[in-house]
Amino acid sequence: MSQKILYVEDDPTLGFVTADTLSEEGYEVVLEKDGVAAFKRFKKESFDICILDVMMPEMDGFELAEKIRKLNSQVPIIFLTAKSLKEDKLEGLTIGADDYITKPFSIEELILKVQIFLKRKYVHSDENELNLEIGHFNLDYANLTLRSADSEQVMTQKEADLLKELIKNKNNILKREEILERLWGKNDYFLGRSMDVFISRLRKHLKSDIRLKIENVHSVGFRLIEEI
């Protein structure tokens, strides 16, 4: 079964060309022209990834992403934005998007990002990494779930990816640039700010175990510490 993409773009020419190219790559593409129609479609159908234009009539990409995140915290979201302002890019990443591409964009770059996110979602190379223990938590990576004796938290794919890397390198420093290259595909200022947002989310997820601490090593990276 082909993987399914929700693609939202109000420019009919760009939308047609991009959707057609993605279809040629073997994906099932659902193209919508505005956020309202896209959200109605999302509520009815299951998608493997969402590609959202930011500037749209009636409901923009930011609002659409917020609504999608309330229904599904796991589906990867990529923003397509013509805006170059830092605030706009950071807003999208803070909402819960996994990445962004600035228009005009290369279709090859978009295809590569789609492949990366879908590969992370479906391919797990090491069975020993599917269930990881830290403190009183168990990370069920395959099902994107963080469990303890009295709680169960559903995570986004990026949250699970990042926590897995921190657990695997427990008590050791993970350099910022290494995390960005490995999980986001490039070392980029805006993606670095996005990573900071995800670190904050992980701290909230882990706060019930006082033995755990994600330490910020200034200008270097992060270290997950488990006190004995």
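Biologist: How many residues does the largest nonpolar core have, and which have the most contacts inside it?
Modeller: This is a predicted model. Its largest nonpolar core has 53 residues, and L52, L64, I68 and L166 have the most contacts inside it.
Biologist: Which helix gives the largest share of this core?
Modeller: Helix α8, residues 189–206, with 7 residues.
Biologist: What is L166 in contact with, leaving aside neighbours within four places in sequence?
Modeller: L174, I199, L202, I214, F222 and L224. Apart from this core lies another, of 17 residues, including I5, L22, V29 and I49.
Biologist: Switching to strands. What is the order in the open sheet of 4 strands?
Modeller: The order is β6-β7-β8-β9, and the pairing is antiparallel. β6 (131–134) and β9 (151–154) are the edge strands, each pairing on one side only. From one strand to the next, the twist averages 20°.
Biologist: Over how many bridges do β7 and β8 pair?
Modeller: Over 3 bridges, between residues 137–140 of β7 and residues 145–148 of β8. L139 has L146 in β8 as its bridge partner.
Biologist: Now E9. Where is its place?
Modeller: In the loop between β1 (4–8) and α1 (12–24).
Biologist: Buried or exposed?
Modeller: E9 counts as buried because its relative accessible area is 2%, and the cut-off for buried is under 20%.
Biologist: What does the E9 side chain reach at 2.9 Å?
Modeller: The backbone nitrogen of D11. Beyond neighbours within four places in sequence, E9 is in contact with L14, G15, L31, E32, K33, D53, L80 and K103.

Note on methods:
Residues numbered from 1 in each chain as written. Predicted model: local features only at pLDDT ≥ 70, side-chain atom pairs only at ≥ 80, totals over all residues. Heavy atoms only, no water. Core = buried A, V, L, I, M, F, W, Y, C linked by side-chain atoms within 4.5 Å. Buried < 20%, exposed > 50% of the residue type's maximum accessible area, 1.4 Å probe, protein only. Helix = DSSP H or I, 4+ residues; strand = E, 2+ residues; numbered from the N terminus. Contact = heavy atoms within 4.5 Å. Pairing = 2+ DSSP bridges. Axes fitted to C-alpha atoms, helices over the stretch in contact; angles between N-to-C directions. Polar contact = N/O pair within 3.5 Å; in protein donor to acceptor, adjacent residues only side chain to side chain.
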